[in-house]
Amino acid sequence: AAWAVMPCCIRSKLYLGGAPVLDLDSESRYKVLSGAFAEANDAQVIRAISRNITARPILIAGGFPGKFLNKDSRSSTPNRHGLL
């Protein structure tokens, strides 16, 4: 089944083998733990949305049959929904 999340609070002890995340600012910690969450859950896509929508602008999704994106479909210009 397909799934998507926009994490706001991720406990470091649930990921990274319980290693503490020390001396990182909030933004860096969020990015590191979002990546750890994505890896642990076999995410197929990680996208950013506009900060005008939310302060935690990472979308993580998976569970899609086959490949979700190929390198030719990537864009650095957000669409009308704020997705890259």
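Leaving aside its neighbours within four places in sequence, which residues is S12 in contact with? I will come to that residue after an overview.

What we have here is a predicted model, in which local features need pLDDT of at least 70 and side-chain atom pairs count only at pLDDT 80 or more, while totals for chains, interfaces and linings use all residues. Residues are numbered from 1 along each chain as its sequence is written, and side-chain values use heavy atoms, with hydrogens and water left out.

The secondary structure of the chain comes to 1 helix and 3 strands, where helices (H or I, at least four residues) and strands (E, at least two) are DSSP runs numbered from the N terminus. Along the sequence the pattern reads β-α-β-β.

The 3 strands form an open sheet in the order 1-3-2, with antiparallel pairing, and two strands are said to pair if DSSP finds at least two bridges between them. Strand 1 and strand 2 (45-48) are the edge strands, each pairing on one side only. Direction ignored, neighbouring strands of this sheet are turned by 20° against each other on average. Strand 1 and strand 3 (residues 58-62) are joined by 3 bridges, and the bridge partner of V5 in strand 3 is I60.

Helix 1 lies across strand 1, strand 2 and strand 3, and runs at about 5° to strand 3; for such angles, axes are lines fitted to C-alpha atoms, for helices over the stretch in contact, and the values run from 0 to 180 degrees between N-to-C directions.

Now to S12, which lies in the loop between strand 1 and helix 1. S12 counts as buried because its relative accessibility is 14%, and buried means under 20% relative accessible area, exposed over 50%, and partly exposed in between (1.4 Å probe, protein chains only). To return to my opening question, S12 is in contact with G18, A19, V21, R29 and L33, once its neighbours within four places in sequence are left aside; contact means heavy atoms within 4.5 Å.

L24 lies in the loop between strand 1 (3-5) and helix 1 (26-40), but L24 counts as partly exposed, because its relative accessibility is 40%.

For the chain as a whole, 25% of the 84 residues count as buried. Finally, among contacts between residues at least 6 apart in sequence, 53% join residues at least 24 apart.
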